[in-house]
Amino acid sequence: MIARLRGLLVGLGVVGVGILFLLATLRWGSVTPDYDAPRSVYLLDPSDWGGVRSQLESGGVLSHPARLTFLARATGWEAQIKPGHYAIPAGMSAWDILQKLRR
């Protein structure tokens with residue numbers, strides 16, 4: 001009984017560490033490639049997340065689009081993107097990009 005409980009606790013610990021790693025990657029890990037100057041993106045119709053993601057990819061802003069999409073859908077922020085012109089510097093995390101696009 002104690003061995004099973006110990007195994008369960010270890011398993012939960014491993015899952016917890018994995019979730020923390022995922023959250024830290026989304027919050028602080030860069031989803032942009034390295035580039036010298038900020039890249040500009042114009043979002044005309046942000047109501048379609050697929051279109052927003054395509055514009056960011058075609059603008060050379062994303063190196064990890066799946067991370068951005070995961071966070072946008074998990075938080076519901078994909079529906080809060082505002083139209084406009086955005087300058088995206090290199091090294092931004094998925095969290096930072098979405099925060100910028102929501103303002």
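Visitor: What covers the buried residues of H3?
Guide: The cover includes helix H1 (2-28), helix H2 (49-58) and helix H4 (94-102). Here, contact means heavy atoms within 4.5 Å, and helices are DSSP runs (H or I, at least four residues) numbered from the N terminus, strands being E runs of at least two. This is a predicted model, in which local features need pLDDT of at least 70 and side-chain atom pairs count only at pLDDT 80 or more, while totals for chains, interfaces and linings use all residues. Residues are numbered from 1 along each chain as its sequence is written, and side-chain values use heavy atoms, with hydrogens and water left out.

Visitor: Which residues of H3 are buried?
Guide: In H3 (residues 65-75), they are Pro 65, Leu 68, Thr 69, Leu 71 and Ala 72. They lie on the same side of H3, because they cover an arc of only 165° around the axis, taken from the directions from the helix axis to the C-beta atoms. Buried means under 20% relative accessible area, exposed over 50% and partly exposed in between, with a 1.4 Å probe and protein chains only.

Visitor: And which are exposed on the other side of H3?
Guide: Ala 66, Arg 73 and Ala 74 are exposed there.

Visitor: What does Thr 69 touch?
Guide: Leaving aside residues up to four places away in sequence, Thr 69 touches Trp 49 and Arg 53. Its relative accessible area is 8%.

Visitor: At what angle do H1 and H3 pack?
Guide: The angle is about 105°, and the axes are 10 Å apart. The axes are lines fitted to C-alpha atoms, for helices over the stretch in contact, with angles from 0 to 180 degrees between N-to-C directions. H1 and H3 are therefore roughly perpendicular; that label covers 65 to 115 degrees, with under 35 roughly parallel, over 145 roughly antiparallel and the rest oblique.

Visitor: Which residues meet there?
Guide: Leu 22, Thr 25 and Leu 26 in H1 meet Arg 67, Phe 70 and Leu 71 in H3.

Visitor: Changing topic, how many aromatic pairs does the structure hold?
Guide: It holds one. The rings of Trp 77 and Trp 95 have centres 4.9 Å apart and planes at 70°, so the pair is edge-to-face. Rings of Phe, Tyr and Trp (its six-membered ring) pair if their centres lie within 6.5 Å; planes under 30 degrees apart are stacked, over 60 edge-to-face and the rest tilted.

Visitor: Is Trp 77 buried or exposed?
Guide: Trp 77 is buried, at 11% relative accessible area, whereas Trp 95 counts as partly exposed at 27%.
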